[in-house]
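Here's a quick briefing on the salt bridges. Take a look at the model before reading on.

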Amino acid sequence: MLKKILGVAALAISLSATVALAETIKIGVTPGEHAQILEKVAEVAKPKGLDIEILEFSDYVVPNQALNDGELDANSFQHKPYLDNQIADRKFDLVDVAYTVNFPMGIYSKKVKSFDELADGATIAIPNDPTNGGRALLILADKGAIKLKDGVGLKVNPADVTENTKNFKFVELDAAQLPRSIDDVDAAAINTNYALEAGLDPMKDTILKEGEKAPYINLIAVRTADKDKPWVKTLVESYHSEPVKQFILDKYKGAAVPSW
């Protein structure tokens, strides 16, 4: 009987220690696939002693501000050019700690079935932030539909277009509003997370699609002061696990690509 009591006591102490070691972090994401993937990451992280609370944000600006202000411990929603631009413009003290997935941007239309069908003078809506707007213009440049200034890099805007043989007109809108603009424009360049949220299929509904370019791989960001903390290592290991990779492959079927 004494041994049994001692055994129960030891188990209780062990469980108590496990609970005491558990750490809770808050991660900001945009709705849809980033949130869904983080839910799977949270499943993997929990047995490792890391509890993840997921907070959803409807735009691209607030998650970095919230992280910089200490309201979040990390975020997972953006690619490196966007983060770099935010750091430069807003003086955030943030750093990326791991790559996650790539969501190739697509050009969508409800008025034509292929990009070549777009008429002379067609209106194309693009994101109004410098990195994603530039990303959309680079897709068109890769297609040969426009030409851009030499050496302009990734931060491209409509003023950098030097040749536009079909006289496309560009309308700059908030990225989250682009799916709603499709009825009012001839085509729209939409980030995959917003396309999926709007019920668009990035594999079937695009009339033009970006290649899998390394600069636009998404990432996990944290405050610079936190980058070497143990929970960051656990978070990255959990995200880069085989169960998470398989979840992405099975659920998104090429619309999202594991990039680690």
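This is a predicted model: local features need pLDDT of at least 70, side-chain atom pairs count only at pLDDT 80 or more; totals for chains, interfaces and linings use all residues.

Residues are numbered from 1 along each chain as its sequence is written, and side-chain values use heavy atoms, with hydrogens and water left out.

**Overall**
- There are 13 salt bridges in the structure (a side-chain nitrogen of Lys or Arg within 4 Å of a carboxyl oxygen of Asp or Glu).

**Arg135 and Glu210**
- Arg135 pairs with Glu210 in a salt bridge, with 2.7 Å between the closest N and O atoms.
- Arg135 sits in helix α5 (residues 130–143) and Glu210 in the loop between β12 (206–209) and β13 (218–223), so the bridge ties together parts 75 residues apart in sequence.
- Helices (H or I, at least four residues) and strands (E, at least two) are DSSP runs, numbered from the N terminus.
- Arg135 is buried at 3% relative accessibility, and Glu210 is buried at 6%.
- Buried means under 20% relative accessible area, exposed over 50%, and partly exposed in between (1.4 Å probe, protein chains only).

**Around β8 and β9**
- Glu163 and Lys147 form a salt bridge, their closest N and O atoms 3.9 Å apart.
- Glu163 is in strand β9 (residues 161–163) and Lys147 in strand β8 (residues 147–148), so this pair links parts 16 residues apart in sequence.
- Glu163 is partly exposed at 35%, as is Lys147 at 48%.
- Lys149 and Asp160 also meet in a salt bridge, at 3.7 Å from N to O.
- Lys149 is partly exposed at 43%, whereas Asp160 is buried at 8%.
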